[in-house]
Amino acid sequence: MDIKSRTLLILSLMLLVVNYVETMVIPALPTIEQDFSISPTLAGWVTSAYMIVAAATSPLMGKLADTYGKKKMYVTAIGFYIIAVAMAGFSPNIWVLLGARAIQGVGFSMFPIAIAYITDLYPKEKVAFAQAVLSAMIGIGPALGLLIGSYVVEDLGWPYAFHTAAILSLILFIISIKYLPHTGIRYKEKVDYLGSTLIGLATVLVLVYITEGPTLGWASVCNLSLLISGLVTYGIFIAVERKIKEPLLRLDLFKIRNFAVANLVGIISGVGMFTVFIFLVYYSQLPSPYGLGLSIIQSGLLMSPVAFGMVIFGPMFGRALPKIGPKPILILGSLLSSLAYIMLVYYRSNPTEVLIDGFISSIGLVAVIIPLVNMVALSLPEQYRTTGMGMNALLRTIGGAAGPVVATSFMQAYQVPVIMVYDNQPLVLGFMPSSTAFNYIAFFGLAMMILTLIVSLWTKNYTFRGVAVQENNKNNHLTNEYTR
């Protein structure tokens, strides 16, 4: 096995483990809630703590990788992850668990570093295929996590989800140290810790506002203060980055059309994709006639075609991208996702129909992801490649955080009573999300994907057929200008 294939295999296995573990946590939430005698809101922070720290630290970890070398920071990220999952499995209370989950978020930066890693190793015409293999792990990992996680939690208990993750991560940590190659230091410069702190703090404030919106209220003084503080901090970040000599990420790089498009599409499509993901999870498990009435394991089986769609079509789109460019694939992904969301409104009466909807949605999802990571990786100067991937991950995470909140807001706003007749008297046993709620979720996802389609039309297309594309010439000019 050559060095490129070996590196791709190691990176893919680690990302598979991470996505497997993060999804395995989902079936464990009700058990964690019972074991620690906590509210559902506090239990929800088991996933939110990871996501928020992941978004906040990705740009800094990317910058450190660009400055000090990708292998060094990649194994550092795995090290954080191993320590965190080991802590999580032995958590004596919810606060230790939340702290461990926050540290795990630092480990998330291994994904943007991995994308930049293979961009350094592979020739440009083969980068998209390698990126597609890594992106497919986003689909395979959750499918395994939902299936295996349900059995692990039920038979062994939720701590074993973290115990198994610690062992697998440690094995891959040792393999990474031994076999991953060094790709060199891109460009030695001072790390902008002030800018990193500002954008990290701003992201935390905004994501906490989004996460706590349904609980505290979107317009409550307490929650609005978080949003306003976050937006102000973003403004301070931009002001600082314009004046500092060696910024976290040069703001003029957003003038590169494909980098700007990739980030805008990333946040918009993230909202739409995760909104509909929540649709599938809840609708499949709600009792009939409100949903399909499936168990957690059956729901995991229903979601498996989403993984297979990404595995099958991801490499296909990766091979097609150098020949036809990212723009047609982005447009196709937007259209397929839109079609899937329309079908979820009119074609969801049984598991088979929902399975078909989810499969089409998975093809659209991977058709959007692959061009985005390729556009970021190839449009930026080398010394900002991993930082740019981290910034893109941050924006996609914000979108991913907003999507489920929108979906659950619709489910809370549009409910129908569950009525039982006892002694000729109707008794209201509770409330369930109505069919209207799920229709609105699907229509909202449709609106996001139509907006994704519109923004995608601004993409500057490029191919690799023996000639340098104009976009890359422009980027080389930016690189030469910066390094003089």
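Biologist: With 22% relative accessibility, how is D120 classed?

Modeller: D120 counts as partly exposed, a class lying between buried (under 20% relative accessible area) and exposed (over 50%), with a 1.4 Å probe and protein chains only. This is a predicted model, in which local features need pLDDT of at least 70 and side-chain atom pairs pLDDT 80 or more, while totals for chains, interfaces and linings use all residues. Residues are numbered from 1 along each chain as its sequence is written, and side-chain values use heavy atoms, leaving out hydrogens and water.

Biologist: Which residue does D120 meet in a salt bridge?

Modeller: A salt bridge places a side-chain nitrogen of Lys or Arg within 4 Å of a carboxyl oxygen of Asp or Glu. Here D120 pairs with K70 at 3.0 Å, N to O. The pair links distant parts of the chain, 50 residues apart: K70 belongs to helix α3 and D120 to helix α5 (residues 110-121). Helices are DSSP runs of H or I, at least four residues, and are numbered from the N terminus. K70 is buried, at 1% relative accessible area. Shared partners join D66, K70 and D120 into one network.

Biologist: How far apart are the closest N and O atoms of D66 and K70?

Modeller: They are 3.8 Å apart. D66 is buried, as is K70. The whole structure has two salt bridges.

Biologist: How much of α3 is covered?

Modeller: Of the 20 residues in α3, 14 are buried. The helix spans residues 70-89 and reaches 29 Å from first to last C-alpha.

Conventions
Helices (H or I, at least four residues) and strands (E, at least two) are DSSP runs, numbered from the N terminus. The expected span of a helix is 1.5 Å times one less than its number of residues.
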